[in-house]
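The sequence and the structure come first, and the text follows.

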Amino acid sequence: MKYLSSCFKLVVFILIILSFNSCKQKGCNDKSALNYSIAANENDGSCIYCTTTISQNGTNTVYLIDPNTSSVYYNDTVAIFYLTQTTFFHNFHECGNDSTYLYLRIKNLLNQGENFFFNFDGFSLCGFVRTSTTYVTLSPNQITDEILFDTEKYSQCSITGSSPMIIISGRINYQ
């Protein structure tokens, strides 16, 4: 009987040890990972994280020459428009949509202030339009902060090459 009692205790002890070992659930236990498992209590190295690749797709520079014959700046370059296109690619769709952004900066080349009133339209692959008029006031020899145009729906567009056409239309008022 004593032998049976000892065997029983040994079996119970082994079952307890096995039950503790079986509680170790391997998986991804990092809450910031895409494949986080609440049941995982031991990280097995399988965690998947979001990464974003940033690609500058192109740049264009346009020199604005004053075409007004009655202006003191007639035929002078009065401003420079810098247009940069950047695309953000995500490694998984759960991390966000791939998106393309256009950044427009304007540099005033004059020793006096300028007010720019313009609309921004893109054709061909881009198909984006800035429907409201943008107003920019520049002090002498100042460059604007970047004006952002989100073209998320048109991540395949390109501002370089022969197909796309971008029109910036408006007027300048000298201060």
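A residue is called buried when its relative accessible area is under 20%, exposed when it is over 50%, and partly exposed in between. The model discussed here is predicted.

By that cut-off Cys47 is buried, because its relative accessibility is 16%. Its partner in a disulfide is Cys28. Cys28 also counts as buried, with a relative accessibility of 1%.

How many disulfides does the structure hold? There are 2. Counting the bonded cysteines along the chain, the pattern is 1-2, 3-4. The table lists the distance and the angle about the S-S bond for each pair.

| Disulfide | S to S distance | Angle about the S-S bond | Handedness |
|---|---|---|---|
| Cys28 and Cys47 | 2.1 Å | 105° | right-handed |
| Cys50 and Cys95 | 2.1 Å | -90° | left-handed |

Cys50 counts as partly exposed, because its relative accessibility is 41%.

The disulfide of Cys28 and Cys47 has a right-handed link. This pair also links distant parts of the chain, 19 residues apart. Cys28 sits in the loop between β1 (26-27) and β2 (42-43), while Cys47 sits in the loop between β2 and β3 (52-65).

Note on methods:
Residues are numbered from 1 along each chain as its sequence is written. This is a predicted model: local features need pLDDT of at least 70, side-chain atom pairs count only at pLDDT 80 or more; totals for chains, interfaces and linings use all residues. Side-chain values use heavy atoms; hydrogens and water are left out. A disulfide is a pair of cysteine sulfur atoms within 2.5 Å. Helices (H or I, at least four residues) and strands (E, at least two) are DSSP runs, numbered from the N terminus. Buried means under 20% relative accessible area, exposed over 50%, partly exposed in between (1.4 Å probe, protein chains only).
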